[in-house]
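Okay, thanks for coming, everyone. Let me put it up on the screen.

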Amino acid sequence: QGFDTGKAKSYYRNLKTGWLANADLTFMFTPDIGTGFKYKFFYTSGNVDGIIDVQDGVHVIYTNYGERIFVNYYGPMAYYQRYLNAAETYRITTTFSFGLSTYRNEAKYLNEYLLLTGRNLGTDYSVNLEYYITDNISLGAELSAFYSVLRKVKITDGTNTQTVDLDKENYENLSRLELSLGIRFYLWNK
């Protein structure tokens, strides 16, 4: 009894992908070096259904388990850029940031809703290649490594709230490698 292995694997595979958005505010000290502030947002969700034995010797329940997970990151950053051609249409940038990551997990299991929240320090390192369409719009590809681990979470069911210190094997690892493609808009550039 329980969740089918294939469905469970699909569920966890779905949690590995999601929506990503970020915004940077950068102040340049030299044409190549700057500092600023980084914000990142990541959202993912997953659902799986199956039959659960409630261990009363009589009943089994067909139920759905689902999660909606939100991760936010805020932190100061160091910034480096280099144009790759004389026309300044191709640019590579790297950033390193150390800041605060927040976690929110809206979970549903056996018709019970739980909210798990937490926060901890995190780091982010990214490399970005851009092609400028105009002075203020570019197409880009970014590879980013984000690291943060939660050692405790706050759990609430809407009535009761408790903070749980997680065992080392149950730490909530928010870390991920991100590959993103997108359009960047610059309010001020050059």
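So, Tyr147 sits in strand β6; strands here are DSSP runs of E with at least two residues, helices are runs of H or I with at least four, and both are numbered from the N terminus. Before I go on, this is a predicted model, so local features need pLDDT of at least 70, side-chain atom pairs count only at pLDDT 80 or more, and totals for chains, interfaces and linings use all residues. Residues are numbered from 1 along each chain as its sequence is written, and side-chain values use heavy atoms, with hydrogens and water left out.

Back to Tyr147. It is partly exposed, at 47% relative accessible area. On that scale, buried means under 20%, exposed means over 50%, and partly exposed is in between, using a 1.4 Å probe and protein chains only. What does Tyr147 touch, leaving aside its neighbours within four places in sequence? Leu121, Gly122, Thr123 and Ser175, where a contact means heavy atoms within 4.5 Å. Asp124 is 23 residues away from Tyr147 in sequence, and their C-alpha atoms are 6.4 Å apart.

Let's hop over to one of those contacts, Thr123. This one is in strand β5, residues 112-132. With neighbours within four places set aside, Thr123 is in contact with Tyr73, Phe96, Ser97, Phe98, Ala145, Phe146 and Tyr147. Asp49, on the other hand, is 74 residues from Thr123 along the chain, with 35 Å between the C-alpha atoms.

Now for the charges. As a general point, side chains of opposite charge can pair when their charged atoms come close. I'm calling something a salt bridge when a side-chain nitrogen of Lys or Arg is within 4 Å of a carboxyl oxygen of Asp or Glu. How many salt bridges does that rule give? The count is 9.

Here's one I like: Arg184 and Glu142 pair up through their side chains, N to O at 2.5 Å. Arg184 belongs to strand β10, residues 176-185, and Glu142 to strand β6, residues 137-150, so this pair ties together parts that are 42 residues apart in sequence. Is Glu142 buried or exposed? Buried, with a relative accessible area of 5%, while Arg184 comes out as partly exposed at 22%.

Then there's Glu178 with Arg176, where the closest N and O atoms are 2.6 Å apart. Glu178 is buried, at 6% relative accessibility, and Arg176 is buried too, at 16%. If you follow the links, you find a network of salt bridges made of Lys40, Asp124, Arg176 and Glu178.

One more pair: Arg104 and Glu106 form a salt bridge at 2.9 Å, N to O. Arg104 is partly exposed at 36%, and Glu106 is partly exposed at 25%.

Some of those names come back when you look at Asn22, in strand β1, residues 19-28. Beyond its neighbours within four places, Asn22 is in contact with Tyr39, Lys40 and Glu142. Asn22 itself is partly exposed, at 32% relative accessible area. Compare that with Asp56: 34 residues from Asn22 in sequence, and 48 Å away from C-alpha to C-alpha.

A quick word on a loop. Glu88 is in the loop between β3 (60-83) and β4 (90-109). Its phi is near 55°, which is a positive value in a residue other than glycine. Glu88 is partly exposed at 33%.

Okay, zooming out to the whole chain. The C-alpha atoms fill a box of roughly 75 × 30 × 25 Å along the principal axes.

Two last numbers. Buried residues make up 31% of the 190. And of the contacts with a separation of 6 or more, 62% are between residues 24 or more positions apart.
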